[in-house]
Amino acid sequence: MTSKTVTMVVLITAVLLMTGIQAVQADEYTSADLELWQNEYDAAVKRGRQVFTDQKLGTNGVVCAQCHPNAANTHPETYPKYQKQLGKVATMAEMINFCIMNPLEGSALALDDQRMVDMQAYITNERKGESLAPGKH
Ligand code: HEC
């Protein structure tokens, strides 16, 4: 390298550092963090299983588990996908709301409603290990 090239490299590096362009680094975490996160996740799955038999989700006494025992026939690994009932590419949460509004005759949940999050944790956990197959029918 000529001294001119070296000067250029040093200058460019200095500019990059000053403008804050650096490698992105993940936050550090401890084994206590991991344990806490696993426990929180397990609790969500457990609550989700309970929501699957919660008659208060709808108005007619019907529950998710009647048609989807152990979250059967929910296929979380295929989302997002085109859903005929909705006429568009939809997320699984939208299909959950479809079933709440139709077979259960209830009101749609907000996407960040704890029960919505918990049901997705439960459904997806039941299909753990399944290969992702977005769009599949
Ligand atoms: C009376 C039976 C019935 C009940 C009760 C019911 N579902 Fe469904 N569910 C269906 C049918 C039928 C479909 C449509 C399957 C299809 O063609 O995609 C479906 C589809 C779904 C899908 C998408 C499945 C896929 O293959 O893409 C999800 C997720 C789902 N239901 C979740 C729920 C949840 C959560 C509840 C409770 C809130 C619930 N369902 C209640 C019958 C039911």
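## Ground rules

What you're looking at is a predicted model, where local features need pLDDT of at least 70, side-chain atom pairs count only at pLDDT 80 or more, and totals for chains, interfaces and linings use all residues. Residue numbers start from 1 along each chain, as its sequence is written.

## The overall picture

The protein has 5 helices and 2 strands. Helices (H or I, at least four residues) and strands (E, at least two) are DSSP runs, numbered from the N terminus. Follow the sequence along and the pattern reads α-α-α-β-β-α-α.

Of the 137 residues, 15% count as buried. Here a residue is buried if 20 or more other C-beta atoms lie within 10 Å of its own, exposed if 12 or fewer, and partly exposed in between, with C-beta atoms placed from the backbone. Now for contacts: two residues are in contact if their C-beta atoms, placed from the backbone, lie within 7 Å. Among the contacts with a separation of 6 or more, 61% are between residues 24 or more positions apart.

## Around the ligand

There are 18 residues around the ligand, and Cys 64, Cys 67, His 75, Cys 99 and Pro 103 come nearest. The elements giving two or more residues to this shell are helix H3 (64-67) and helix H4 (92-101). H4 provides the largest share of the shell, with 5 residues.

By class, the shell has 12 nonpolar residues, 6 polar and no charged. For this sorting, Ala, Val, Leu, Ile, Met, Phe, Trp, Tyr, Cys and Pro count as nonpolar, Asp, Glu, Lys and Arg as charged, and the others, Gly among them, as polar.

Helix H2 takes in residues 31-51, which makes 21 residues. From its first C-alpha to its last, H2 reaches 30 Å, close to the 30 Å expected at 1.5 Å a residue. The expected span is 1.5 Å times one less than the number of residues. H2 lies largely in the open, because the number of its 21 residues that are buried is 2.

Helix H5 (residues 114-126) has 13 residues, and its end C-alpha atoms are 18 Å apart, which agrees with the 18 Å it should span at 1.5 Å a residue. Its buried residues are Met 116, Asp 118, Met 119, Gln 120, Ala 121, Tyr 122 and Ile 123. The cover over those buried residues includes H2 and H4.

## Where H2 meets H5

The axes of H2 and H5 come within 7 Å and cross at roughly 100°. Axes are lines fitted to C-alpha atoms, for helices over the stretch in contact, and angles run from 0 to 180 degrees between N-to-C directions. The two helices are therefore roughly perpendicular to each other.

## Single residues to look up

Ala 65 is found in helix H3. With 15 C-beta neighbours inside 10 Å, Ala 65 counts as partly exposed. Setting aside neighbours within four places in sequence, Ala 65 is in contact with Phe 52 and Thr 53. Ala 65 is also 16 residues from Arg 49 in sequence and 8.8 Å from it in space, C-alpha to C-alpha. Lys 56, in the loop between H2 and H3, is exposed, with 10 other C-beta atoms within 10 Å. Lys 56 and Gly 106 are 50 residues apart in sequence, yet 8.6 Å apart in space, C-alpha to C-alpha.

The loop between H3 and strand S1 (81-83) holds Pro 80, and a cis peptide bond with omega of about -5° joins Tyr 79 to Pro 80. Ala 71 lies in the loop between H3 and S1 and has a positive phi of about 60° although it is not a glycine. Ala 71 is buried, with 20 other C-beta atoms within 10 Å. His 75, in the loop between H3 and S1, has a positive phi of about 45°. His 75 counts as partly exposed, with 17 C-beta neighbours inside 10 Å.

Technical notes:
A residue is near a molecule or strand if its C-beta atom, placed from the backbone, lies within 6 Å of it. Angles under 35 degrees count as roughly parallel, over 145 as roughly antiparallel, 65 to 115 as roughly perpendicular and the rest as oblique.
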